[in-house]
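Here is a short walk through a predicted model. Keep the 3D view open as you read.

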Amino acid sequence: MSAHADTHAHDDHGHHHKETFITKYIFSQDHKMIAKQYLITGTIMGVIGILMSLIFRIQLAWPEEPNVIFEALLGKWAPDGVMDADIYLALVTIHGTIMVFFVLTAGLSGTFSNLLIPLQIGARDMASGFLNMVSYWLFFLSSVIMVISLFVEAGPAAAGWTIYPPLSALPLAQGGSGMGMTLWLVSMAIFIASSLLGSLNYIVTVINLRTKGMSMTRLPLTIWAFFITAVIGVISFPVLLSAALLLIMDRSFGTSFFLSDIFIQGEVLHYQGGSPVLFEHLFWFLGHPEVYIIILPAMGIVSEVLAANSRKPIFGYRAMIASILAIAFLSTIVWGHHMFVSGMNPFLGSVFTFTTLLIAIPSAVKAFNWITTIWKGNVQMNPGMLFSIGFVSTFITGGLTGIILGDSALDINVHDTYFVVAHFHLVMGISALYGMFAGIYHWYPRMFGRMINKNLGYLHFWVTAISAYGVFFPMHFIGMAGLPRRYYTNSNFPLFDDISNVNVVITIFALVGGAFQLVYLYNFFGSIFFGKKSPQNPWRSTTLEWTAPVEHMHGNWPGEIPHVHRWAYDYSNPNHEEDFVPQNVPLKEGEEQLHH
Amino acid sequence: MTALLTIIVLVFILIAIWQMVKIFDLAQAKNESSGVATDKDNAINGYLMMGFLGFIYLITIISMVKWGDLPLLSNSASEHGPTIDNLMIITLVVIFVVQTITQFLLHYYAFKYRGEKGKKALFFADNNKLEFIWTIIPVIVLAGLIIYGLSTWINIMGVDESDDPLVVELYAQQFNWKARYGGEDNTLGLANVRLIDIDRANILGLDESDPNAQDDIITTELHLPVGRPVLFKMRSQDVLHSAYMPHFRAQMNCVPGMITQFGFTPTVTTSDMRLTPEIQEKVANINDIRLKKSKQLTEKGEDALEPYEFDYLLLCNKICGKSHYNMQMKIIVETQEEYDAWIKEQKEFKNSLIN
């Protein structure tokens with residue numbers, strides 16, 4: 001069952017190696033340092049991504065007005081302070097790309113898989129520290145290329161984050177489809193390589209390096225989530241890579257995988273026989289699992305934080321694992337619900353409606369189990385806990401509207417409207433962000449050996465929570481009114497004039513919410529240096545990471561790796577005085593495992 | 001003006017944030033706090049949870065009262081429209097009920113069971129019966145919705161060629177729409193963008209040798225006779241577009257290299273729709289807004305906005321480039337006689353070519 005970590009390349013006494021500045025902070029092979037590198041790179045990308053959203057929100061609220069903010073930030077793309085329509089699309093595109101891939105995939109999964117997998121399963125490090133380092137640096141490289149693409153002469157990629165060809169394939173169709181799109185594709189190809197290396201590492205580590213006694217059914221749900229996420233990533237990311245490579249072939253080498261019969265700017269292009277719908281299939285074969293790659297780690301984190309702060313076992317541990325597996329399986333056969341009106345056979349639409357609505361069942365089970373976990377708990381309102389409760393709230397609100405979008409008949413009229421924008425921002429954008437914040441507040445002491453200021457955490461949570469609903473709740477209504485997304489302005493449609501005031505409300509909430517992320521940044525970076533020293537186990541948690549020393553050390557535990565004797569959720573066990581029993585505490589004489 | 005305002009607002013927000021940061025920072029320093037929630041924190045945040053629950057309900061109510069008339073849930077102008085609207089309303093009700101209950105439980109439990117020193121939580125790890133119940137309830141509800149949804153979907157997408165639909169091609173290009181009618185024979189001539197000949201005004205690439213193409217009619221406005229089924233054949237010449245006709249609850253992508261289709265039967269003429277109280281109210285409201293805007297514009301010396309009159313629209317709903325936000329075509333639903341009179345005035349393809 002569980003393998004000894006002794007077989008690991010590191011010596012089993014866990015000597016603290018001499019580390020130079022470069023091997024400790026830059027080309028580090030230590031999973032905890034790599035986790036921090038992921039987190040900080042992800043944070044920087046997040047700041048860029050959110051800033052972009054604020055810029056285009058200002059445009060949507062006050063479309064005709066010249067604005068000095070545009071002039072200052074967009075330069076030649078805002079002549080006289082009026083935003084250019086091309087750059088609007090570019091902002092939307094890059095905002096989506098950065099948030100989905102760079103923040104909520106790499107920043108979330110990369111950070112917490114790296115930090116927690118070895119610490120929670122009781123391993124000295126990842127199976128391959130070197131691959132792990134390569135994975136981070138490829139991610140860093142792809143981030144740099146993505147940022148560089150913003151400064152390309154003809155503009156960054158602007159075909160939407162889904163980069164459907166032919167728009168993304170033809171520089172004639174759009175300025176951003178030239179060098180900007182080339183850099184986008186290169187960046188994403190490198191990103192995928194990084195993600196695959198990371199995922200393989202996570203899978204191998206979880207399978208092989210669990211400490212003695214850590215059976216699969218004693219794993220914390222975080223590890224289950226990261227593990228299954230990595231499996232989905234390995235299955236689906238290669239398909240996006242192939243789509244990107246074929247698109248590069250179409251763009252640069254004259255093939256016709258996705259293009260056919262095109263007449264543009266007065267000329268007929270040579271492409272013949274390809275189909276853009278093929279690209280949509282390939283894209284969404286990753287694209288849909290991708291949203292679960294984003295949300296599953298957040299779910300794992302939230303399960304863990306909710307249990308620890310409710311001082312109660314997570315309710316229905318096995319059902320939680322089963323629903324993770326069910327979601328993972330279903331996630332690979334629902335991609336067509338993005339394509340109900342793409343022109344594919346309507347019969348396929350029926351099949352995808354069926355599988356899509358099925359996925360609501362494991363999701364509902366998870367939501368109910370979370371609520372029951374809080375029931376009759378002893379709820380400790382730490383900032384991580386607030387974000388976890390917030391996660392459940394937005395996940396329900398956003399998830400429920402999925403029942404509308406997943407229903408092909410209803411999707412006809414709300415497809416690609418703001419209803420969709422509201423839905424996915426709540427269910428996976430905001431929710432995953434909350435999951436990430438929950439993880440950061442909860443494991444901050446583990447990462448930096450210091451406590452993060454909780455009062456600022458409260459301030460951060462409450463303003464963010466109100467802003468998130470303020471931004472995305474009204475969006476459902478303008479979507480149901482038929483307002484398409486990705487419109488630079490609605491002022492060309494008098495039909496939508498009665499929506500402009502909603503847009504102003506949304507933008508004000510967005511500005512407030514965006515601005516209050518500064519509180520978090522201040523708290524995060526400030527506490528690294530000025531936070532109070534953290535005790536060994538500040539949240540009185542059961543999992544193994546809290547048995548490792550607070551000080552940074554390569555190899556995680558001095559001396560032997562702790563052995564595991566019980567499941568991860570022995571909170572308020574009636575056989576024990578304390579309201580938590582760490583996993584490495586042996587069973588008392590005559591004590592039976594309360595849970596199997 | 002807005003720019004200045006925005007900046008002032010931003011500066012104020014930043015100052016306010018900085019002040020709050022300092023206050024919260026100091027509050028923590030004074031308490032010698034460990035960074036872990038105390039009973040007081042639990043109590044305050046517990047009450048805030050209830051407050052937040054109130055906020056969620058409030059924003060739901062405000063949105064529904066203020067913007068609840070925006071959604072296209074009634075006034076559909078196609079035969080299948082009411083079935084979609086029905087399904088939508090049923091689903092919305094289900095969602096609303098589930099949302100109200102689950103949000104209540106979540107926030108209320110967080111409040112009710114807020115932590116206190118010395119209290120011990122209930123060890124409650126499993127209950128197969130409970131889990132079975134809340135697996136089976138969503139199964140039943142979703143099964144109902146799936147069955148209803150799929151039967152609606154199949155009805156809408158299945159085009160019955162036997163009731164002789166009017167065949168119309170919707171032709172998309174950056175950044176406008178064209179419509180093509182089959183003419184006398186109601187049959188569209190063959191076409192391919194490779195045959196486009198701008199010099200001869202063969203702008204849609206019709207096959208000039210195809211007899212069916214000769215009487216085809218190309219227009220920039222979409223006229224439809226009321227009550228007759230229409231079958232749209234969509235084409236695009238350059239990138240993906242999407243023909244979105246929200247009032248008819250209709251949408252289909254236009255894909256270069258292939259022909260897609262969507263069919264519906266318009267049921268309300270444009271002039272009848274303009275007379276419905278809902279639309280009159282909406283139009284009046286929009287014209288109020290436009291009047292206010294016009295005042296501001298004329299003060300600046302710019303042209304006033306034209307008053308709005310209701311029309312059905314075809315919008316592009318798939319990102320297609322710079323002017324995506326302004327790719328539209330007017331749709332006019334009229335009586336058969338009006339339609340016949342209109343179509344008679346249009347030029348047939350063979351007569352529109354320049355030799």
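Start with two helices of chain B. The axes of helix H3 (residues 81-112) of chain B and helix H4 (residues 128-157) of chain B come within 10 Å and cross at roughly 165°. Angles over 145 degrees count as roughly antiparallel, so H3(B) is roughly antiparallel to H4(B). The crossing of H3(B) past H4(B) is left-handed. On the H3(B) side, the contact is made by B:Thr83, B:Ile84, B:Leu87, B:Thr91 and B:Val94. H4(B) brings B:Val141, B:Leu145, B:Tyr148, B:Gly149 and B:Thr152. By class, this contact of H3(B) with H4(B) has six nonpolar residues, four polar ones and no charged ones.

Now turn to the sheet in chain B. Five strands form an open, mixed sheet in the order E4-E10-E9-E6-E7. Its edges are strand E4 (222-225) and strand E7 (250-254) of chain B, each pairing on one side only. From one strand to the next, the twist averages 20°.

Strand E6 (residues 241-245) of chain B runs antiparallel to E7(B), and five bridges join the two. B:Met245 stands opposite B:Ala250 in E7(B).

Finally, step back to both chains. Their contact takes 130 residues from chain A and 114 residues from chain B. On the chain A side, helix H15 (residues 454-480) gives the most, with 15 residues. By class, that side has 82 nonpolar, 34 polar and 14 charged residues.

Notes: Residues are numbered from 1 along each chain as its sequence is written. Chains are lettered from A and ligands numbered from 1 in the order in which they are written. This is a predicted model: local features need pLDDT of at least 70, side-chain atom pairs count only at pLDDT 80 or more; totals for chains, interfaces and linings use all residues. Axes are lines fitted to C-alpha atoms, for helices over the stretch in contact, and angles run from 0 to 180 degrees between N-to-C directions. Helices (H or I, at least four residues) and strands (E, at least two) are DSSP runs, numbered from the N terminus. Angles under 35 degrees count as roughly parallel, over 145 as roughly antiparallel, 65 to 115 as roughly perpendicular and the rest as oblique. A crossing is left-handed if the near helix is turned anticlockwise from the far one by less than a right angle, and right-handed if clockwise. Two residues are in contact if their C-beta atoms, placed from the backbone, lie within 7 Å. Ala, Val, Leu, Ile, Met, Phe, Trp, Tyr, Cys and Pro count as nonpolar, Asp, Glu, Lys and Arg as charged, and the others, Gly among them, as polar. Two strands pair if DSSP finds at least two bridges between them.
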